[in-house]
Amino acid sequence: RPSLREGGIGMLGGDEAAIILVDNSGSMSATDGAVSRFEKAQKAAGQILDGLPAGSRVAVWLVSDTVRESVSEPARDLALARKSITEAKRTDQGTEWQPALRRAVDVLKKQPGAHKHLYAVTDGQAAGWKGTGEIRTLLESVKREMRATLVLTTEGEEKNLGITDVRLATALPTVNQPLRFEVSVANFGPTEATGIAVSLAIDDEPPADEQALDAIPAGGAPKTISLFATFREP
């Protein structure tokens with residue numbers, strides 16, 4: 001994971017321009033059973049707002065593989081910033097942080113004042129941080145102009161199972177006949193995963209088939225199982 005932490009939140013005094021980037025990609029739907037990563041991110045973003053000095057100007061952007069600028073330019077309307085955070089919606093999109101950070105740096109460069117701060121609130125999924133070296137170089141080049149703080153919504157390594165492929169294995173698909181699908185499951189976490197239930201459903205129907213995998217070793221090598229489903233219409 002990248003490590004961009006530098007100092008704490010709300011340490012600067014006077015007039016500050018800040019951009020809060022909140023990860024709203026698909027992985028933020030993961031939950032610990034009580035709250036999702038996205039809900040944790042919203043809470044963290046609210047705490048960042050609370051810690052900013054009086055008179056600060058704030059922008060709020062939602063980041064996935066695209067950027068949605070809820071509050072595009074840093075403004076003194078903290079109530080609007082808070083509203084955009086609390087009403088933000090998670091997406092099912094992937095994550096790509098480098099373009100968002102480059103845009104945020106460009107916007108902050110144009111802001112008046114001596115204190116500028118960039119906050120990235122995310123679960124730190126590796127796939128979204130490709131080109132970490134370029135990101136470090138970018139932030140290093142502007143460290144005299146602004147600070148960057150990474151706020152993670154996860155603690156340590158977690159289970160990370162993924163469906164890597166779903167393939168129709170029946171040669172001639174036919175309505176009202178069971179069709180076989182080959183489903184590949186991989187374990188990208190740090191330890192072996194056990195007791196994994198895998199199900200297949202058509203649209204919004206209940207699962208048509210479900211099987212359990214006893215164990216999948218860490219390392220990302222997929223295991224493949226067969227699941228069956230029937231299409232009732234062409």
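Predicted model: local features only at pLDDT ≥ 70, side-chain atom pairs only at ≥ 80, totals over all residues.

Student: What makes the pair of Trp 97 and Trp 129 stacked?

Tutor: Planes under 30 degrees apart count as stacked. The planes of Trp 97 and Trp 129 are at 15°, with ring centres 5.3 Å apart, so the pair is stacked. This pair also links distant parts of the chain: Trp 97 is in helix H3, while Trp 129 is in the loop between strand S4 and helix H4, 32 residues apart. Both of these Trp residues are buried.

Student: And why is the pair of Phe 181 and Phe 231 called edge-to-face?

Tutor: For that label the planes must be over 60 degrees apart. Phe 181 and Phe 231 have 65° between their planes and 6.5 Å centre to centre, and that makes the pair edge-to-face. Phe 181 lies in strand S7 and Phe 231 in the segment after strand S10, so this pair ties together parts that are 50 residues apart in sequence.

Student: How do you know whether Phe 181 is buried or exposed?

Tutor: Buried means under 20% relative accessible area. Phe 181 is at 11%, so it counts as buried. Phe 231 has 32%, which falls between the 20% and 50% limits, so Phe 231 is partly exposed.

Student: What makes Arg 103 count as lying over the face of Trp 61?

Tutor: One part of the test is that CZ of Arg is within 6 Å of the ring centre. Arg 103 is at 5.6 Å from the ring centre of Trp 61, and it does lie over the face.

Student: Why are S3 and S5 called edge strands?

Tutor: The open sheet has five strands in the order S3-S2-S1-S4-S5. S3 and S5 each pair on one side only, and they are the edge strands.

Student: How do you know that S4 and S5 pair?

Tutor: Two strands need at least two bridges between them. Six bridges join S4 to S5, so they pair, and they run parallel.

Student: Which residues touch the most other members of the largest nonpolar core?

Tutor: That core has 23 residues, and among those touching the most other members are Trp 61, Trp 97 and Val 105. Helix H3 gives the most to this core, with seven residues.

Definitions and conventions
Residues numbered from 1 in each chain as written. Heavy atoms only, no water. Phe/Tyr/Trp six-rings, centres within 6.5 Å; stacked < 30°, edge-to-face > 60°. Helix = DSSP H or I, 4+ residues; strand = E, 2+ residues; numbered from the N terminus. Buried < 20%, exposed > 50% of the residue type's maximum accessible area, 1.4 Å probe, protein only. Lys NZ or Arg CZ within 6 Å of the ring centre and 35° of its normal. Core = buried A, V, L, I, M, F, W, Y, C linked by side-chain atoms within 4.5 Å.
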